[in-house]
Amino acid sequence: AILSVLLFPKQWYQRRVRGYFYICLDTMLRVASLALMAMALVSADILLVNDNDGTEGRSLCLRTCSGTTGRGETNWVDYTTHGLRTDVDMSKCEFTSPPNVVSNIEGDGFHWMAQGGSATYSVTPTSFQVYVYTKDATRNRQEAKEKNWSITWMAIGYAC
(Lines give C-alpha, C1' and ligand atoms only; values in the text may rest on other atoms or scores of the structure.)
Protein backbone atom coordinates (compact mmCIF):
# COMPACT_ATOMS: atom_id res chain seq x y z
CA ALA A 1 0.00 0.00 0.00
CA ILE A 2 2.77 2.43 0.86
CA LEU A 3 4.62 1.61 -2.35
CA SER A 4 1.51 2.33 -4.42
CA VAL A 5 1.10 5.67 -2.66
CA LEU A 6 4.68 6.60 -3.46
CA LEU A 7 4.62 5.38 -7.07
CA PHE A 8 1.08 6.38 -8.06
CA PRO A 9 -0.07 9.14 -5.67
CA LYS A 10 -2.70 10.54 -8.02
CA GLN A 11 -4.35 7.17 -8.68
CA TRP A 12 -4.21 6.29 -5.00
CA TYR A 13 -5.83 9.57 -4.06
CA GLN A 14 -8.60 9.12 -6.64
CA ARG A 15 -9.31 5.56 -5.44
CA ARG A 16 -9.40 6.62 -1.83
CA VAL A 17 -12.18 4.94 0.01
CA ARG A 18 -12.83 6.00 3.55
CA GLY A 19 -12.06 2.57 5.09
CA TYR A 20 -9.07 1.99 2.85
CA PHE A 21 -7.68 5.41 3.73
CA TYR A 22 -7.78 4.66 7.46
CA ILE A 23 -6.18 1.25 6.99
CA CYS A 24 -3.34 2.80 4.98
CA LEU A 25 -2.93 5.61 7.51
CA ASP A 26 -2.81 3.10 10.35
CA THR A 27 -0.22 1.00 8.48
CA MET A 28 1.93 4.05 7.72
CA LEU A 29 1.85 5.15 11.37
CA ARG A 30 2.88 1.68 12.53
CA VAL A 31 5.76 1.56 10.06
CA ALA A 32 6.88 5.05 11.11
CA SER A 33 6.74 4.05 14.80
CA LEU A 34 8.82 0.94 14.17
CA ALA A 35 11.35 2.97 12.19
CA LEU A 36 11.67 5.51 15.01
CA MET A 37 12.14 2.75 17.62
CA ALA A 38 14.81 1.10 15.48
CA MET A 39 16.63 4.41 15.09
CA ALA A 40 16.51 4.96 18.86
CA LEU A 41 18.03 1.53 19.52
CA VAL A 42 20.77 2.00 16.98
CA SER A 43 21.65 5.49 18.15
CA ALA A 44 21.84 4.64 21.88
CA ASP A 45 25.14 5.93 23.17
CA ILE A 46 26.17 3.06 25.42
CA LEU A 47 29.70 1.77 25.24
CA LEU A 48 31.48 -0.71 27.48
CA VAL A 49 35.09 -0.93 26.35
CA ASN A 50 35.56 -4.24 28.15
CA ASP A 51 34.45 -6.06 31.26
CA ASN A 52 36.45 -7.64 34.08
CA ASP A 53 37.52 -10.55 31.87
CA GLY A 54 38.64 -8.18 29.11
CA THR A 55 35.71 -9.37 27.02
CA GLU A 56 34.70 -6.96 24.30
CA GLY A 57 31.11 -7.04 23.13
CA ARG A 58 28.39 -5.27 21.26
CA SER A 59 26.48 -2.36 22.75
CA LEU A 60 23.17 -4.10 22.05
CA CYS A 61 24.22 -6.82 24.52
CA LEU A 62 24.84 -4.39 27.39
CA ARG A 63 22.78 -4.63 30.53
CA THR A 64 22.66 -2.31 33.50
CA CYS A 65 21.45 -3.96 36.67
CA SER A 66 21.30 -2.65 40.23
CA GLY A 67 20.20 -3.79 43.64
CA THR A 68 20.78 -3.90 47.35
CA THR A 69 21.45 -6.57 49.94
CA GLY A 70 18.55 -5.06 51.89
CA ARG A 71 18.48 -2.86 54.98
CA GLY A 72 18.52 -5.16 57.99
CA GLU A 73 18.59 -8.18 55.66
CA THR A 74 22.30 -8.26 54.77
CA ASN A 75 24.09 -11.45 55.76
CA TRP A 76 27.20 -9.95 57.38
CA VAL A 77 29.91 -12.42 58.38
CA ASP A 78 32.63 -11.55 60.91
CA TYR A 79 35.98 -11.32 59.12
CA THR A 80 39.11 -10.83 61.23
CA THR A 81 38.97 -8.77 64.43
CA HIS A 82 37.66 -5.54 62.94
CA GLY A 83 36.05 -6.61 59.70
CA LEU A 84 32.86 -7.84 58.11
CA ARG A 85 32.21 -9.56 54.79
CA THR A 86 29.10 -10.13 52.72
CA ASP A 87 28.31 -11.93 49.47
CA VAL A 88 26.16 -10.03 46.99
CA ASP A 89 23.89 -12.01 44.66
CA MET A 90 23.50 -10.67 41.10
CA SER A 91 22.17 -13.87 39.51
CA LYS A 92 18.90 -12.22 38.42
CA CYS A 93 20.92 -9.88 36.16
CA GLU A 94 21.86 -12.85 33.94
CA PHE A 95 25.27 -11.52 32.93
CA THR A 96 27.33 -13.77 30.63
CA SER A 97 30.70 -12.57 31.96
CA PRO A 98 31.82 -10.68 35.09
CA PRO A 99 30.39 -7.15 34.89
CA ASN A 100 31.90 -3.87 36.04
CA VAL A 101 30.49 -3.24 39.53
CA VAL A 102 30.20 -0.10 41.64
CA SER A 103 29.11 -0.53 45.25
CA ASN A 104 28.69 1.43 48.45
CA ILE A 105 27.66 0.83 52.03
CA GLU A 106 24.56 2.51 53.42
CA GLY A 107 22.63 2.33 56.66
CA ASP A 108 21.23 4.17 59.67
CA GLY A 109 24.41 4.97 61.53
CA PHE A 110 28.19 4.94 61.64
CA HIS A 111 28.52 3.39 58.19
CA TRP A 112 30.29 6.60 57.15
CA MET A 113 33.16 5.50 59.40
CA ALA A 114 33.44 2.04 57.82
CA GLN A 115 36.02 1.52 55.08
CA GLY A 116 35.82 -0.72 52.03
CA GLY A 117 32.14 -0.63 51.07
CA SER A 118 33.09 0.43 47.56
CA ALA A 119 35.77 -2.23 47.08
CA THR A 120 34.49 -5.34 45.28
CA TYR A 121 36.20 -8.74 45.32
CA SER A 122 35.74 -12.03 43.46
CA VAL A 123 33.38 -10.60 40.84
CA THR A 124 31.65 -13.30 38.78
CA PRO A 125 28.64 -13.07 36.44
CA THR A 126 26.39 -13.95 39.40
CA SER A 127 28.00 -12.49 42.53
CA PHE A 128 30.73 -10.47 44.25
CA GLN A 129 32.02 -9.93 47.78
CA VAL A 130 32.56 -6.81 49.89
CA TYR A 131 34.89 -6.62 52.88
CA VAL A 132 34.40 -3.74 55.32
CA TYR A 133 36.89 -2.56 57.95
CA THR A 134 34.83 -1.55 60.96
CA LYS A 135 37.17 -0.73 63.88
CA ASP A 136 35.66 2.72 64.50
CA ALA A 137 32.20 2.02 63.13
CA THR A 138 30.83 -1.11 64.80
CA ARG A 139 31.98 -4.06 66.89
CA ASN A 140 30.33 -7.01 65.16
CA ARG A 141 27.87 -8.24 62.54
CA GLN A 142 24.90 -8.02 64.92
CA GLU A 143 25.55 -4.33 65.47
CA ALA A 144 25.85 -3.80 61.70
CA LYS A 145 22.50 -5.55 61.26
CA GLU A 146 20.88 -3.39 63.96
CA LYS A 147 22.19 -0.27 62.17
CA ASN A 148 20.65 -1.55 58.91
CA TRP A 149 23.93 -1.62 57.03
CA SER A 150 23.58 -2.87 53.49
CA ILE A 151 25.42 -2.81 50.19
CA THR A 152 23.82 -0.99 47.27
CA TRP A 153 25.33 -1.68 43.86
CA MET A 154 25.11 -1.14 40.13
CA ALA A 155 26.64 -3.43 37.51
CA ILE A 156 27.14 -2.97 33.78
CA GLY A 157 28.02 -6.00 31.71
CA TYR A 158 27.18 -8.21 28.78
CA ALA A 159 23.98 -10.23 28.68
CA CYS A 160 24.58 -12.01 25.36
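**Core, aromatic pairs and strands**

Biologist: Which residues does Thr74 touch, not counting residues up to four places away in sequence?
Modeller: Contact means heavy atoms within 4.5 Å. With residues up to four places away in sequence left out, Thr74 touches Lys145, Trp149, Ser150, Ile151, Thr86 and Thr69.

Biologist: What pLDDT do side-chain atom pairs need in this predicted model?
Modeller: Residues are numbered from 1 along each chain as its sequence is written, and side-chain values use heavy atoms, with hydrogens and water left out. The model is predicted: totals for chains, interfaces and linings use all residues, local features need pLDDT of at least 70, and side-chain atom pairs count only at pLDDT 80 or more.

Biologist: Is Thr74 buried or exposed?
Modeller: Buried means under 20% relative accessible area, exposed over 50%, and partly exposed in between (1.4 Å probe, protein chains only). Thr74 has a relative accessible area of 4%, so the class is buried.

Biologist: Which residue's side chain joins that of Thr74 in a polar contact of 2.5 Å?
Modeller: A polar contact is a pair of N or O atoms within 3.5 Å; within protein, one must be able to donate a hydrogen and the other to accept it, and residues adjacent in sequence count only if both atoms are side-chain atoms. A polar atom of the Thr74 side chain lies 3.3 Å from the backbone oxygen of Trp149. The side-chain contact of 2.5 Å is with Thr69.

Biologist: How many aromatic pairs does a search of the whole structure find?
Modeller: Rings of Phe, Tyr and Trp (its six-membered ring) pair if their centres lie within 6.5 Å; planes under 30 degrees apart count as stacked, over 60 as edge-to-face and the rest as tilted. Searching the whole structure gives a count of four.

Biologist: Why is the pair of Trp76 and Trp149 classed as it is, and how many residues apart are they?
Modeller: The ring centres of Trp76 and Trp149 are 6.4 Å apart with planes at 80°, so the pair is edge-to-face. Trp76 is in the loop between β1 (62–68) and β2 (77–78), and Trp149 in the loop between α4 (141–146) and β7; the separation is 73 residues.

Biologist: What is the angle between the planes of Tyr121 and Tyr131?
Modeller: Tyr121 and Tyr131 form an edge-to-face pair, 5.2 Å centre to centre. The angle between their planes is 90°.

Biologist: Which strands stand at the edges of the open sheet of three strands?
Modeller: The order is β1-β7-β4, with antiparallel pairing. One side of each edge strand is left without a neighbour in the sheet, because each has a single partner strand; the edge strands are β1 and β4.

Conventions
Helix = DSSP H or I, 4+ residues; strand = E, 2+ residues; numbered from the N terminus. Pairing = 2+ DSSP bridges.
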